[in-house]
Amino acid sequence: MNERGFSLVETLVVTVVLLLTLGIATQIFVQGNAAYATQRAYDDARSNAAAALDMMVRLLRSADMIVPDPDGNLAADSIRIVADWNPRNGTADPYEDVRFTTAGGILFKQEPADAAPVAFAERIASIVFTYRNGAGTLLATPWTATQAQLVLVQVTVRSTPINGLSVTMTSSASVRRRE
């Protein structure tokens with residue numbers, strides 16, 4: 001009898017080859033998915049850092065008053081910015097009196113109407129402010145400086161690390177006051 005078909009050995013060999021191929025394809029998919037998730041988290045951190053930096057620098061450019069250490073810890077890790085710009089009418093409007101600080105990987109902002117600081121951006125490990133006077137000299141203790149001495153403010157925002165990588169962005173603003 002001459003029956004055509006696959007033998008048990010041939011079927012097992014094909015099954016093993018298919019399982020190996022499926023295993024390799026699954027491994028590639030899992031690794032690609034993990035890489036995508038990591039890249040997405042990194043991009044989110046970068047975007048949050050850029051948005052936070054942009055907001056602080058825009059407020060600093062129109063500042064009427066800057067308080068370099070509103071939390072009183074003698075570190076350049078928080079700031080209070082008072083600016084009458086929205087519109088310039090002599091009254092406190094939203095975003096015209098804002099404090100920024102970080103804790104637990106979150107950048108917080110607080111306005112006078114807020115009972116407590118409000119989360120503003122996630123994945124922010126730290127913010128550091130550097131102050132210079134009109135001659136460009138670094139102010140080592142800016143919390144003792146007068147408003148007229150606080151001419152240039154450099155802001156550095158660092159994101160929380162993702163797989164060992166973090167984003168650090170720096171920008172500066174010349175304070176343009178109405179005087």
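This is a predicted model: local features need pLDDT of at least 70, side-chain atom pairs count only at pLDDT 80 or more; totals for chains, interfaces and linings use all residues.
Residues are numbered from 1 along each chain as its sequence is written, and side-chain values use heavy atoms, with hydrogens and water left out.

The chain contains one helix and eight strands, helices (H or I, at least four residues) and strands (E, at least two) being DSSP runs numbered from the N terminus. From the N terminus on, these elements follow the order α-β-β-β-β-β-β-β-β. The radius of gyration of the chain is 27 Å, well over the 16 Å that the globule rule gives for 179 residues, so the chain is more spread out than a compact globule; this radius is taken over C-alpha atoms, and the rule is 2.2 Å times the number of residues to the power 0.38. Along the principal axes, the C-alpha atoms fill a box of roughly 105 × 35 × 25 Å. Of the 179 residues, 29% count as buried, where buried means under 20% relative accessible area, exposed over 50%, and partly exposed in between (1.4 Å probe, protein chains only).

Helix α1, formed by residues 8-61, has 54 residues and reaches 79 Å from its first C-alpha to its last, close to the 80 Å expected at 1.5 Å a residue; the expected span is 1.5 Å times one less than the number of residues. Buried residues of α1 include A41, A45, A49, A52, L53 and M56.

Five strands make up an open sheet in the order β1-β2-β3-β4-β5, with antiparallel pairing, two strands being paired if DSSP finds at least two bridges between them. At the edges lie β1 (65-67) and β5 (118-122), each of which pairs on one side only, and the twist averages 25° from one strand to the next. Helix α1 packs on this sheet, touching β1, β2, β3, β4 (106-110) and β5, and its direction makes about 125° with that of β5. Contact here means heavy atoms within 4.5 Å, while axes are lines fitted to C-alpha atoms, for helices over the stretch in contact, with angles running from 0 to 180 degrees between N-to-C directions. Within the sheet, strand β2 (residues 79-82) and strand β3 (residues 97-103) are joined in the antiparallel sense over four bridges, and I81 has V98 in β3 as its bridge partner.

A search of the whole structure finds one aromatic pair, the criterion being that rings of Phe, Tyr and Trp (its six-membered ring) have centres within 6.5 Å, with planes under 30 degrees apart counted as stacked, over 60 as edge-to-face and the rest as tilted. The pair consists of F100 and F120 in an edge-to-face arrangement, at 5.9 Å centre to centre and with 70° between the planes. It links distant parts of the chain, F100 lying in strand β3 and F120 in strand β5, 20 residues apart. F100 is buried, with a relative accessible area of 0%, whereas F120 is partly exposed at 27%.

Several loop residues may also be described. L74, in the loop between β1 and β2, has a phi near 55°, a positive value in a residue other than glycine, and counts as exposed at 56% relative accessibility. G134, in the loop between β6 (124-132) and β7 (152-159), is exposed, with a relative accessible area of 67%.
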